[in-house]
Amino acid sequence: MLYSNLLVVCALPLAIAAPFCTRQNNTAPNATCDLSTLTQPASALTPPSADLRLILIAYGVGTQNYTCATPASVPAAIGALAELYNASCETASPSVAQNNIVQAPAIGSHFFSDLTTPDFYIPELGNTKVKKVEDTPAPNATGDVKWLRLQAQTADSTSQVKFVYRLNTVGGVAPATCEGKAEGELVTVPYHAQYWIYA
């Protein structure tokens, strides 16, 4: 995959003001990274309000999923499936390339609990069901899925997460038609993205 030998251990303290990650490698054995000063990539999405704290940046790798009713139809979105990895320190440190995210066990997963409800399960945080409240085209709109602002549905969640932003998407756009696909066939399109998670 896209990872090297960098080990990242992330603390997700919901009760402190400045969440941080500890990076351990040969050159910076106990370096820490502070997420409290990070700003999102520029976009038309409503930015997080001042009362929200960035607690994690997750790197999602998976597929955007579509289905074809008939070979003559347009693919219809039926959700996504992705493994989530900790990208907090790599994003916080401009000297560390994004492709240095550690090849380590995933910290959680992103899936749809039904055809319309995105779900994030990260054991250290709990389960967060969200709904899309805003979207904007990705800079490369023809090839990359939209950037999103997702609001947690607190009644259906077990975490303290309030908003999730899907940013820096790559891939995932459905084919223009279902030509060559069988009726009801599943179409999976690889993608990856950053998920900025706020509590």
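The protein has 1 helix and 11 strands. Helices (H or I, at least four residues) and strands (E, at least two) are DSSP runs, numbered from the N terminus. In order from the N terminus, the elements read β-β-β-β-β-α-β-β-β-β-β-β. The model is predicted, so local features need pLDDT of at least 70 and side-chain atom pairs count only at pLDDT 80 or more, while totals for chains, interfaces and linings use all residues. Residues are numbered from 1 along each chain as its sequence is written, and side-chain values use heavy atoms, with hydrogens and water left out.

**Confidence**

The pLDDT is the predictor's confidence in each residue, from 0 to 100. Its mean over the protein is 83, and 78% of the residues reach 70 or more. Over residues 1–31 the pLDDT is below 50, although this stretch has 85 contacts in the model beyond near neighbours in sequence. Contact here means heavy atoms within 4.5 Å. Where pLDDT is low, the predicted coordinates should not be read in detail.

**Whole-chain values**

Buried means under 20% relative accessible area, exposed over 50%, and partly exposed in between (1.4 Å probe, protein chains only). Accessible areas come from the Shrake-Rupley method with a 1.4 Å probe; for residues, only the protein chains shown count as cover.

| Property of the protein | Value |
|---|---|
| Residues that count as buried, of 199 residues | 44% |
| Contacts joining residues at least 24 apart, among those at least 6 apart in sequence | 62% |
| Accessible surface | about 9,800 Å² |
| Part of the accessible surface belonging to carbon and sulfur atoms | 56% |

**Nonpolar cores**

A nonpolar core is a set of buried Ala, Val, Leu, Ile, Met, Phe, Trp, Tyr and Cys residues joined through side-chain atoms within 4.5 Å. The largest one has 25 residues, and Val164, Tyr195 and Ile197 have the most contacts inside it. Two or more residues come from each of E4, E5, strand E7 (117–122), strand E9 (147–152) and E11. E11 gives the most, with 6 residues. Leaving aside neighbours within four places in sequence, the contacts of tyrosine 195 include Leu56, Leu84, Phe120 and Val164. A second, separate core of 15 residues includes Leu35, Leu54, Tyr85 and Ala87.

**Disulfide**

A disulfide is a pair of cysteine sulfur atoms within 2.5 Å. By this rule there is 1 disulfide, joining cysteine 68 to cysteine 178 with an S to S distance of 2.1 Å. Cysteine 68 lies in the loop between strand E4 (54–67) and strand E5 (76–86), and cysteine 178 in the loop between strand E10 (163–171) and strand E11 (186–198), so the pair ties together parts that are 110 residues apart in sequence. The disulfide is left-handed because the torsion about its S-S bond is about -90 degrees. Both cysteine 68 and cysteine 178 are buried.
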